[in-house]
Number of protein chains: 2
Amino acid sequence: MYNVQFEPIGRKVTYSRPLTVLEAAQKAGVEILALCGGLGACGRCRVKVQGDGLSPLSDREKDVLSEDEITAGYRLACRALLGSDVIVYIPEMSRPREQRLQVTGREEPVTCCPSVRKFLLDLPAPTLEDTRADLARIGDALAADHGVSLADVDLGLLPAIGPVLREGGWRVTVSMYDGELIQVEPGDRTGCACGVAVDLGSTKIAAYLVDLKTGATIEARGMMNPQIAYGEDIMSRITTAVRHTDGARRLQEAVVEAIGRLIRSLCQDNGLCPSDVLEITLVGNTAMHHLLLGLPTRQLAGSPFVPAVARPLRIKARDLGLPAAPGAAVYCPPPIAGFVGSDHLAMVLASRLHRKAGTWLGIDIGTNTEISLKSGGRITAVSCASGPAFEGAAVCWGMKAAPGAIERVWIAPRSQEVQFSTIEGQPPVGICGSGILDCVAGMLGAGMLNGRGRIQTGARGVRTGADGLLELVLAEDAAGGAITVTQRDVERIQLAKGAIRSGIEVLMDAAGVDAPEIDGIILAGAFGTFIDPLSAVRIGMLPAVDVERIVQVGNAAGIGAKEVLVSDEQRRAAESLATSIQYLELTVYPRYSRFFAHALRF
Amino acid sequence: MYNVQFEPIGRKVTYSRPLTVLEAAQKAGVEILALCGGLGACGRCRVKVQGDGLSPLSDREKDVLSEDEITAGYRLACRALLGSDVIVYIPEMSRPREQRLQVTGREEPVTCCPSVRKFLLDLPAPTLEDTRADLARIGDALAADHGVSLADVDLGLLPAIGPVLREGGWRVTVSMYDGELIQVEPGDRTGCACGVAVDLGSTKIAAYLVDLKTGATIEARGMMNPQIAYGEDIMSRITTAVRHTDGARRLQEAVVEAIGRLIRSLCQDNGLCPSDVLEITLVGNTAMHHLLLGLPTRQLAGSPFVPAVARPLRIKARDLGLPAAPGAAVYCPPPIAGFVGSDHLAMVLASRLHRKAGTWLGIDIGTNTEISLKSGGRITAVSCASGPAFEGAAVCWGMKAAPGAIERVWIAPRSQEVQFSTIEGQPPVGICGSGILDCVAGMLGAGMLNGRGRIQTGARGVRTGADGLLELVLAEDAAGGAITVTQRDVERIQLAKGAIRSGIEVLMDAAGVDAPEIDGIILAGAFGTFIDPLSAVRIGMLPAVDVERIVQVGNAAGIGAKEVLVSDEQRRAAESLATSIQYLELTVYPRYSRFFAHALRF
């Protein structure tokens with residue numbers, strides 16, 4: 001038995017068997033950044049440990065940590081093995097930062113007609129002449145008074161029905177989903193019907209508490225996906241799920257606990273109970289969807305990347321451990337492919353891409369970028385491995401869209417003078433995705449980059465960096481050090497935009513569409529919302545269309561999740577869309593590599 | 001913390017909070033007879049306690065226990081409160097005896113076509129050109145190769161599908177229930193498909209392991225219902241469920257554990273695994289059905305005695321905690337009324353009462369006796385509170401049908417000489433139901449009872465008992481004491497047969513049928529199997545029909561449970577029967593009390 005105290009948050013825990021600092025933190029619910037999923041690869045999980053009895057420094061730690069750090073007691077959380085009492089200090093750099101979370105989005109009008117509805121029933125009490133079963137009494141009244149057929153009953157609800165009927169003096173409110181009785185409440189509770197729509201992203205979780213009588217959002221709220229502690233990107237998390245005993249279960253528990261917390265706090269702050277939540281709808285990328293539902297993910301980690309399930313699922317909230325009404329379910333629209341999830345489906349639905357006349361692109365930019373092309377009445381989708389550069393990772397001074405991040409950069413074309421703004425106007429501490437995009441676009445416009453992406457010697461603010469390559473100094477950080485965009489960073493952006501553009505080109509090629517025929521581009525998601533579309537066109541990430549034809553719709557996936565919650569019609573439309581969207585596997589497209597090579601150039 | 005050691009079985013347990021000896025035994029799974037359900041009423045739960053620190057003798061114990069017993073350390077298990085280390089000896093009289101359990105019954109031919117079927121699939125492996133989801137691959141092959149539509153999938157099965165497909169090299173066996181995928185196994189497992197049918201009685205549980213390919217019973221096995229430790233009859237158990245915190249849960253756990261044990265041992269002894277069990281069907285009286293499924297029973301304890309649910313239910317075996325294939329369900333045919341259970345429905349089905357031409361009675365004799373009359377194409381059912389006399393309880397020397405029970409009695413009509421036989425030929429220790437019935441019939445035939453049921457003075461073997469009333473000495477027990485049938489016993493039999501006969505009379509009256517029109521009587525259940533039908537007619541329990549028209553069919557309820565397991569057609573027939581059988585509430589029938597008063601007479 002030994003004690004671990006995590007600082008600065010002051011969490012104390014006791015363990016009996018040897019654990020790495022990272023494992024101990026994960027068990028304790030303390031977040032440590034582990035971009036690589038604890039493989040020792042990223043070196044980002046540095047912690048300062050006070051106390052003896054840790055495992056000796058590993059070779060990997062000797063590689064990654066500086067002499068000063070080692071002297072100061074720094075270790076890699078994923079490598080240092082605990083065995084006796086210690087205090088672990090998690091420095092700022094190893095903690096996930098509070099990030100700007102995009103939860104709102106453009107909403108189209110939807111008629112509120114949810115799949116779950118409440119009915120008020122006044123039942124006759126049983127007598128010796130009328131000994132119908134309690135449930136039969138409900139079924140008969142539903143049919144007679146509301147023309148609704150009771151076809152099924154939530155089995156978990158059965159024990160409660162009799163007592164509630166008697167408590168309510170045979171006046172009860174029942175909640176029905178498609179012929180299934182999912183809740184019985186004493187008295188008239190028809191005024192109280194809500195649901196929760198969830199957009200489960202790899203980075204953030206957005207939840208919408210929705211009034212099912214009106215379809216209005218009562219409150220939207222976002223939080224970081226706590227699975228980040230197990231790996232920044234999808235592949236690291238799948239690795240955790242597949243390689244570690246209990247890894248999948250822990251990832252599932254982490255996200256279930258987080259969604260549960262969101263639902264409880266949303267309800268509490270709006271005078272509702274979780275038992276008022278009659279349904280939860282949830283969209284997400286296929287890996288998040290699979291991890292949440294406890295589906296296997298091994299087959300998502302390697303070619304040909306097939307989903308375990310690609311049909312709509314309705315799972316009882318209690319079976320997942322989510323708080324809701326007794327028989328309430330979590331409805332998950334179907335994924336489209338292994339790397340085109342139900343979040344993309346929801347985005348297509350909410351942005352009305354499928355109803356647009358002409359030729360339209362719908363793009364969700366992220367580590368994986370999903371793109372759908374609507375053309376000639378058909379929709380085709382691809383997934384591009386665009387990498388984490390646009391999310392602020394894998395870039396020297398990159399960071400998430402948190403306070404102090406440089407989010408806008410202007411470079412004067414002639415003078416090459418750099419100007420920037422930061423999130424919340426705080427002193428600059430790094431650069432987020434939209435800032436890097438602006439910067440590269442600005443460098444191109446000012447002739448500081450050539451067509452192959454080489455930083456030009458002699459340009460204003462350009463210097464030789466520690467790696468011997470050129471870099472542009474953007475700003476000074478608080479410690480007086482330079483915040484720079486390096487040659488490597490530019491290459492990362494090149495790869496990312498090349499991946500996205502080649503996906504677009506393949507879609508257009510397959511559909512026989514040329515760039516001038518594009519009527520519009522829909523950009524969804526956090527990055528798609530905050531970027532300057534002009535910069536995206538300038539660096540060639542998007543085809544050269546007029547910027548007024550580029551529509552930034554915000555969190556369309558979340559809005560789509562809300563639409564399938566409040567409208568049974570939209571739910572059926574989503575399911576039908578999922579079967580009609582054609583998935584195109586880029587790697588087997590004949591001219592894909594040529595498109596990619598071409599798309600890399602500025 | 002204190003320790004309790006139960007003898008003679010040697011079970012040791014430790015508890016922290018005060019418990020009665022009965023509660024401690026129940027928690028430890030040690031059986032103590034508590035006929036009244038622990039209310040202190042029956043005085044049957046005598047135990048001998050060594051050690052101090054028990055609660056002082058209660059008034060009830062002072063009433064019930066003799067001076068000798070008190071001196072020897074006897075207490076009532078339901079009244080003595082534990083607080084320190086003790087040894088509890090449970091004497092023979094306080095332990096449930098091994099009882100003769102009727103599991104077999106007359107079987108009519110049924111075509112084997114179960115609701116659950118297995119299919120062998122050879123699937124194409126995924127490629128970059130064929131990235132269908134794992135589940136879609138199964139659905140497509142089922143449709144193409146077998147014309148079966150995959151409409152649903154057991155959600156608990158989802159995590160296993162992908163790994164099993166790959167383990168089996170894309171050759172898999174799937175089990176389907178009505179469009180729902182409930183199991184996936186690697187390779188060809190079509191040869192291995194079984195199910196279990198359960199007849200859940202208040203006293204005994206009978207289970208049938210059935211081959212779903214042929215419909216043949218592999219093995220039938222019975223055991224005592226362990227809920228007996230919580231109360232002998234249904235009402236005591238409902239009292240336990242309603243009054244005690246956790247009472248319902250403990251009753252449920254006890255019976256689930258017992259059924260689980262039966263299934264595991266049946267499988268193990270026949271070279272099968274519980275995961276080969278593709279479906280479980282279960283019938284029982286409404287209270288047993290409700291207690292097993294965790295349904296409320298309070299409304300069954302008082303007029304108008306309505307069931308919570310009277311529709312067929314299919315509940316995942318895992319949700320009940322029963323061992324079976326991953327997505328296997330427990331199918332429960334519907335109860336007919338609060339005191340006419342699905343066991344009676346199964347009996348009607350298996351005995352083909354519903355298909356008989358003419359006028360037939362079907363009778364299940366027990367503490368509650370259910371009777372159905374088929375007449376003029378309709379079936380009407382009643383429930384009679386016949387009491388426990390026929391099950392050997394509430395009778396002075398009564399006992400269950402265990403070894404040493406007097407089961408047959410002959411009294412010579414002239415000489416009044418008594419002869420008897422016991423179960424397994426062992427020395428007599430008491431009388432079971434069939435023995436008492438024979439005895440009363442014999443006494444009537446020999447003029448030892450008058451028409452009102454009074455034992456006649458001066459009859460051979462008749463003496464005045466300890467209560468000052470007359471009694472007939474049947475035999476001597478091992479200790480040399482007399483085993484008798486008392487005046488009170490005769491009255492109990494009178495009440496029991498009166499209840500049954502008046503139920504029959506009401507049914508005939510309501511249908512406008514006279515006794516001579518009865519074409520036959522079906523007697524089901526353990527008591528109905530072992531009684532001499534002539535005795536039943538002689539005492540007037542049954543109308544005066546020729547004995548060759550009385551058919552004893554054995555455990556027809558169990559056979560019915562088996563039929564709905566192996567035949568989807570019989571399952572649908574049972575569900576249709578349940579809605580067509582008309583329940584008649586005796587207590588509101590206009591002339592019921594007149595019929596009852598008349599039926600009391602011999």
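This is a predicted model: local features need pLDDT of at least 70, side-chain atom pairs count only at pLDDT 80 or more; totals for chains, interfaces and linings use all residues.

1. Let me start with a helix pair in chain A. Helix α12 (residues 487-511) of chain A and helix α17 (residues 592-600) of chain A pack with their axes 8 Å apart, at an angle of about 135°. That makes α12(A) oblique to α17(A). Axes here are lines fitted to C-alpha atoms, for helices over the stretch in contact, and angles run from 0 to 180 degrees between N-to-C directions. Angles under 35 degrees count as roughly parallel, over 145 as roughly antiparallel, 65 to 115 as roughly perpendicular, and the rest as oblique.

2. Residues are numbered from 1 along each chain as its sequence is written, while chains are lettered from A and ligands numbered from 1 in the order in which they are written. Helices (H or I, at least four residues) and strands (E, at least two) are DSSP runs, numbered from the N terminus.

3. Which residues make the helix contact in chain A? From α12(A) come Q494(A), G498(A), R501(A), S502(A), E505(A) and V506(A), and from α17(A) come Y592(A), F595(A), F596(A), A599(A) and L600(A). Contact means that C-beta atoms, placed from the backbone, lie within 7 Å. By class, this contact of α12(A) with α17(A) has six nonpolar, three polar and two charged residues (Ala, Val, Leu, Ile, Met, Phe, Trp, Tyr, Cys and Pro count as nonpolar, Asp, Glu, Lys and Arg as charged, and the others, Gly among them, as polar).

4. Chain B has such a pair too: the axes of α12(B) and α17(B) come within 8 Å and cross at roughly 135°. The crossing of α12(B) past α17(B) is right-handed.

5. Now the two chains together.

6. At the interface, 39 residues of chain A are in contact with 39 residues of chain B. On the chain A side, α4 (134-146), α5 (158-167) and β16 (313-316) each supply at least two residues, and α5(A) gives the most, with five. By class, that side has 25 nonpolar, eight polar and six charged residues. The copies meet through the same surface, because 100% of the interface residues of chain A are also interface residues in chain B.

7. Some backbone details deserve a look. The peptide bond from S303(A) to P304(A) is cis, with omega near 5°, and P304(A) sits in the loop between α8 (286-293) and β16 of chain A. In chain B, a cis peptide bond joins S303(B) and P304(B), with omega about 5°. W170(A), in the loop between α5 and β10 (171-177) of chain A, has a positive phi near 70° and is a residue other than glycine.

Notes: A crossing is left-handed if the near helix is turned anticlockwise from the far one by less than a right angle, and right-handed if clockwise. Two residues are in contact if their C-beta atoms, placed from the backbone, lie within 7 Å.
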